[in-house]
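Please read them with the model open beside you.

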Amino acid sequence: MELFDTLSNHWKNRQKDLDKNDVSYIAYKDTFRHAMRGFLTGSYYKRNRLIKEGDLVYGYVFKTWSNDPTNQTDYPTWVLFSPSLEVSKNPAVFARISAKLQDLTKEDDDKKYRKLRNLIIEPLSECDYFEIPEEFTEGVVVYLSIIYLHVNQITNFHMGLNPLLMSRGISKEVIYLPDRFWPGEFYEAYLKNEVK
């Protein structure tokens, strides 16, 4: 809980003073090639506002397209997150939900959860703010989004807890907060896989 508070307070102070270059970097528009990616989508144009006004929460990455830590290309990640700050301050619920979802992928005869199952197992799935059924979430509102990881923004990325920017009222997109905006204490804990 202390780590999340440290990260959250640090980000709130930085968020107020972001300059154009900071916003471009977080939005992944810092080079011409990056700026051209997705420029025809609605979320592309809402991203700057999401960065300046969005909320910081923990996301729980339970699946990635690539398990190769030396991968140098961007790839999709399957992420659970909640708008509830209480969940971010006590994120153990994500691991339990993830375990239930992994069990779901082993069953193929339950029509009730077919869409959710397909989102998890299909490698080319896309979804934003897919609400996980209450049966899996212990009564907490939890969403699934498939988010592209830009490997140069989180250089030692690993599965588990990662900081995200979200605001459903602004955009359906959810983005990772790059590690250059993390306080040192959080970064060190992340490297040691001690973020809890």
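1. Over the ring of which residue does the charged end of R180 sit? The ring is that of Y25, with the charged end of R180 3.5 Å from the ring centre; a charge is taken to sit over a ring if NZ of Lys or CZ of Arg is within 6 Å of the ring centre and within 35 degrees of the ring normal. The charged end of K63 is likewise placed over the ring of W78, at 4.3 Å from the centre.

2. This is a predicted model, in which local features need pLDDT of at least 70 and side-chain atom pairs count only at pLDDT 80 or more, while totals for chains, interfaces and linings use all residues. Residues are numbered from 1 along each chain as its sequence is written, and side-chain values use heavy atoms, with hydrogens and water left out.

3. The count of aromatic pairs comes to 14, where rings of Phe, Tyr and Trp (its six-membered ring) pair if their centres lie within 6.5 Å, and planes under 30 degrees apart count as stacked, over 60 as edge-to-face and the rest as tilted. One of these pairs joins W182 and Y190 edge-to-face, with 4.7 Å centre to centre and 65° between the planes. Both W182 and Y190 are buried, the classes being buried under 20% relative accessible area, exposed over 50% and partly exposed in between (1.4 Å probe, protein chains only).

4. The rings of F186 and Y190 are stacked, because their centres are 6.5 Å apart and their planes lie at 25°. F186 and Y190 are four residues apart in helix α9 (residues 184–191), and therefore about one helical turn separates them; helices (H or I, at least four residues) and strands (E, at least two) are DSSP runs, numbered from the N terminus. F186 and Y190 are both buried, and ring pairs link F4, Y58, W182, F186, Y187 and Y190 into a cluster.

5. Six salt bridges are found in a search of the whole structure, each being a side-chain nitrogen of Lys or Arg within 4 Å of a carboxyl oxygen of Asp or Glu. Among them, K89 pairs with D5, the closest N and O atoms being 3.6 Å apart. This pair links helix α5 (residues 85–89), which holds K89, to helix α1 (residues 2–16), which holds D5, across 84 residues.

6. R96 and E138 also form a salt bridge, at 2.7 Å from N to O. Because R96 lies in helix α6 (residues 92–104) and E138 in the loop between α8 (134–137) and β4 (143–149), the pair ties together parts that are 42 residues apart in sequence.
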